[in-house]
Amino acid sequence: MANVQATQAFYSLTLEPSSAPTAACTCNVIPGLKSQDQQIFEARGQRILLHRIVENEDRTEVKVSTFLDQDVFGIVRGVSAFRIPGTGTDQLVVSSDSGRVVLLNYDPDKNSFKRIHQETFGKSGVRRTVPGQYLASDPRGRCVMLASAEKNKVVYIVNRNAEGGILISSPHEANQWASLCFAVCALDTGWEHPVFATLEVDYNDAENDPSGEMYERREKQLVYYTVDLGLNHVVKSWSDTVDYSANMIFGVPGGQDGPSGVLVCCEDRIYYRHDKSQPLSIPIPRRRGATEDPERKRCIVAGCLHLSRARHEFFFLLQTEDGDVFKLTMAMAEDASGRRTSQPESMSMRYYETFPVAKQMLLIRKGYIYIAAENGNNKLYHVNDLAEDIEFEPQNYFTSDSYSPDPEESYEALYFHPRGLTFTSLAVDIPSLHPLMRTQVANPLNEDAPQIYAIQGTGATSAFKTIRHGLEVQEIVSSPLGAIDYSNLWSLKHRASDQYHSYLVLSSDYADKTIVLSIGDEVETMENSPFLTTRATISASLMGDATLVQVHARGVHSILESGTVNEWPVPSHRTIVAASANERQLLLGLSSSELAFFFMGDDGVLNQLEEMPEMSGKVTALSVGQTPKGQMQAKYAVVGCDDCTIRVLSIELDSPLEARSVQALSAVPTSIEVIEQIEPDSGTNVSYVHIGLQSGLYLRAVIDDVTGELGEVRTKFLGARPTRLFPVSLADSSSCVLACSSRPWLGYNHPLSTIYTLTPLVMAQTLDAARGFVSEHINGLCGIQGSNLLIFELGSVEKRLSTETVGLKYTPRGMARNPWNGVWYVVQSEGNTLSRETKKALRAKGDGVKKLEDGDVKMETADGDDADMKDTTAPAADEENDVGETDRHLGLSRGLGHWASCISAVDPVHAKAITSSIEFGENEAALCVAAVAFESRNWEVFVAVGTGQHLGAAAGADVQTKGFVHVFRLVDEGRGLEVVHKTEFPTPIYALLPFHGRLALGVGPELFIYDLGMRALLRKSRGLAVPNQITSLQAQGNRIIAADVSESVTYVVYKSTASSGAPAGAADRLIPFADDTIQRWTTATTMVDYETVAGGDKFGNLWVVRAPEQASKEADEEGIGGFIVNERSYLGGAPYRLELRAHYYTQDIPMSLQRTALVAGGQEVLFWSGLQGTLGILVPFVSREDVEFFAQLENLIRAEEPPLAGRDHLMYRSYYAPVKGVVDGDLCERFSKLSFDSRQKIAGEVERGVKEVERKVQEMRGRVAF
């Protein structure tokens, strides 16, 4: 049994934050920018972000750049932006679970949010009577309203004083007893008193009526609340009954721009309501098509407003749950003289586009639509046309002229034909990981670091993703250079003032030769090169204004601008082994361990220093520092020797080659680069020495500008090959270093965190050498891969993960890996969706389909449907292994009560596609999958799939819910599937597990062990394991961990008759012996060791539990049952109770947990992934000293910098149970963002230096992850 300390503690880190948007709005928070250059303020989980749309001059290249990402350590529920009259930028309002309203400003100097007001109005937590669920701000920037789901609403009036400071009033309550609130919006009333509209239901009568009659007669009201700015109070000014299905309201522009009032969005209809105008109504058009249900009603889920105050025009873009977007406009009545009045006359709708279903849809003034997607990637669309031509697609244009605003009156439904993008074009596809259904860390490619394989998404846009830590590379040129491998290259300008590179020098140590390529419109070999090509080049550089210097083993070859060539021969019996140069200084390392130093005069001629000091060992690498701007010479050079030391030498002319400091290393240095980079704290340039060792280690240290001493040494293992370093620059001209080992790594200051970051480049083959490459058309990098020349560009360095995607058909539910190769088996199922066979039958029958067999759902086509009309819902691709592009764009065909499901074999390693797929019929839904090697079949691997039939069937329905286990044989090395048989069970199957050459599965609360038979599965053992429903299974040895849907986990021991010496005829036994003390709605589990289990629940908690020592010993006793069988159950459960070792709130639902290592040579961690796209780890502490240090640091940062949204950090991490045994690493990493005084204060409290604290915090992440 594992020996784990009783006080085991973990360090929690977020590797990739949640990508699921909670709320978003447009704003103008950067001073000095035009009003058209809007930013996007977005909340994702516990983080708030600011995005900006960046375009080039001709708008051909567009990207969404995130320039601020801050953790607020609270549940952000709503965001809004408004501008107080007389101020230059917008103020941001955040509502959260803190019970406080927070006003924020953007500080451009510190690139952070600055809290300007924080007002408390209620208890913390997400409570139904505490405001914060809904947030709305007055369009004129005078007040904001926060409302709760029940009863309470508060209004804050915001103003500014004479000094320009922002003032906020005390809360003005607008409470309504016994009322439920469904939506809130602000009306545009011009400069009259602000008005807020809400959708409310009064349940007082229904609650007091035991007969239920008043509940059936309940009504939903549209209520106006007017804020009287003169009397400083809020009054309920108007109310009217609306359709009970109303779910959303939008404020209509008022004043000079429109009639004011609200749009009330209900099921299948949109109403216009206002206390000063006549109501209007228009139905929401439904899709027309052979596979569409003409009776299915839609509702609006998102929308945005476009208002042109100059032209006094506006329109709405409203989106249904199918993703269809309609443009809604309003026509105003005219008076006798033909002038437009403020009374609306009619509404019109036009089908605009189909976008992914949005959590929030924003219209940007630059001409873009931003979709914060409910599921999958966020999108930015460029608006090409506003669809103002009525002649275009008249069949998709509708008006409200013939529709009554009375909800009780019947009406004729409207139908439209969906299509692809017409009025817009996709500008940016922003990668996102939500919803993340399952992940598994594996390394079938045998790379240095494992990959993360994930199933993600919903519907036709779901995907199987291979996630790697690394920056994506855009390969531009890959050209073979012959049969000779090259070892190094240099890109050189002709003159220092040139904008582009002119020469590309490549050197081969193996062939002892050099080739030179010219860089122009094309890269081609130079015939008459001024360089020496009969020797291998050690270093090539441009010195002075236009002197090209080539260093080879036998001397220095200098080419002046005039064409004159100067040669410096190496002293006899010696060769040059290393060289480095800057604009004015050249340093050579000779084979005799001597150093030769040159400095360049104004005439471009190199002058040698007479002294040639000798090092303590043979020189293996050296580097001279870059010449600082405005100076003629650098201060220091660094020399590495084979005695595992490096020396810092002065190279100033008044003290040349004087030793300043010595540093011992763990291995021989193979590469050294001295580079000036910006120090994040001070914003000044600091000289860093980057060192690559033969062991594959990489070191980075700061050179003290005065003494030359080395400090702040940081270390990272890059790979098994010796590390070589090359200075390069990014597109924004920031200096960075490219390290080549088993993989290429880029070291740079991250644009968001400003922390120095090492990230690998995702390439099929590693680089031997790399340099910057700047031509008229390319601004990137060039590199050598053996005998190939590669020219490439780096994508965005903001993200540190790259993905490869294989599209799936339906929402993935589970995956299992083939134990012998890199093939995964993914089960997918989609509720209320027509299966492939059902859609084929509908298309074959055409009109008049009355009834479907699978789900007994009545579906009729609309009257008047043209039979010759092209079916726009038909797929455009082979449906055997993929869905069509039309389905991906428009979504799957819906059908109430139907399930579409399949199993697919995915090969992400070689084919990078689905290699086989089998559909399930009879209204089955695949729920889980396992790859099982059966001992009875000579350990042949089969795939078992657990399914449920008629899931979600109503009580009393003709069909009965049941389950099956399908077994498939693998063919074609696991890439193909063949049906073997299926076995019926009384309940759906949610958990499968390979166990001792057999199959363990959960059927309701019972645990079964099955073997493979000829026509069905054969039961071998059975036992009652959990109280309700088994949702997942894990095993080690004879121990099985069964997770219950709501009752945590139960430890079960398997007692086999074959190994226990039981009498003939005795059955194998499954004996539960330990369970938990509290309820946990378990979503994922993994075994940390033989006695310890880590799990997650649907409320966002991570926890670690452990079996008591006595119970574990009894369970492992020999014999069929032993003492554990005769133990009495305790409180209706198992005999023993599990001990809680760690508990932590994450604010994401953990879907997968795995004990694994994430980096080469790294410590094993607990890796977890969440439904909203979060990737995180729990790192076990290895020393008591670290536990005490980080626990103290966490407490000090809590006190020094309270969370931005006002939530107490300790209460936040203890949302459902007190946090135990876990230190919040995300909070500890906020240390580097604190002010200088705060860092000094905290460092003093922990009795360490500021830099030492920063180093320890960064090493906790860098040692185990990325």
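Contact here means heavy atoms within 4.5 Å. The model is predicted.

Start with Leu 1193. Beyond its neighbours within four places in sequence, Leu 1193 is in contact with Cys 1228, Phe 1231, Ile 1242, Val 1253 and Val 1257. Now show the largest nonpolar core, 43 residues in total. Leu 1193 is among the residues with the most contacts inside it, along with Tyr 11, Ile 1177 and Phe 1190. Colour helix 7, residues 1184-1200: five core residues come from this helix, the largest share. A separate core has 32 residues, including Leu 471, Leu 489, Leu 790 and Leu 794.

Six bridges join strand 6 to strand 7 (residues 91-96). Zoom in on Val 79: its bridge partner in strand 7 is Val 94.

Now the salt bridges; the count is 68. Select Asp 907 and Arg 975, whose side chains meet at 3.1 Å, N to O. Asp 907 sits in strand 68, Arg 975 in the loop between strands 72 and 73, 68 residues apart. Is Asp 907 buried or exposed? Asp 907 is buried, at 1% relative accessible area. Arg 975, at 19%, is buried because the cut-off is under 20%.

Move to Asp 268 and Arg 286, a salt bridge at 2.8 Å. Both residues are buried.

Last, select Arg 287, Glu 292, Arg 296, Arg 298, Asp 322 and Asp 324: a network of salt bridges links them.

Notes:
Residues numbered from 1 in each chain as written. Predicted model: local features only at pLDDT ≥ 70, side-chain atom pairs only at ≥ 80, totals over all residues. Heavy atoms only, no water. Pairing = 2+ DSSP bridges. Helix = DSSP H or I, 4+ residues; strand = E, 2+ residues; numbered from the N terminus. Core = buried A, V, L, I, M, F, W, Y, C linked by side-chain atoms within 4.5 Å. Buried < 20%, exposed > 50% of the residue type's maximum accessible area, 1.4 Å probe, protein only. Salt bridge = Lys/Arg side-chain N within 4 Å of Asp/Glu carboxyl O.
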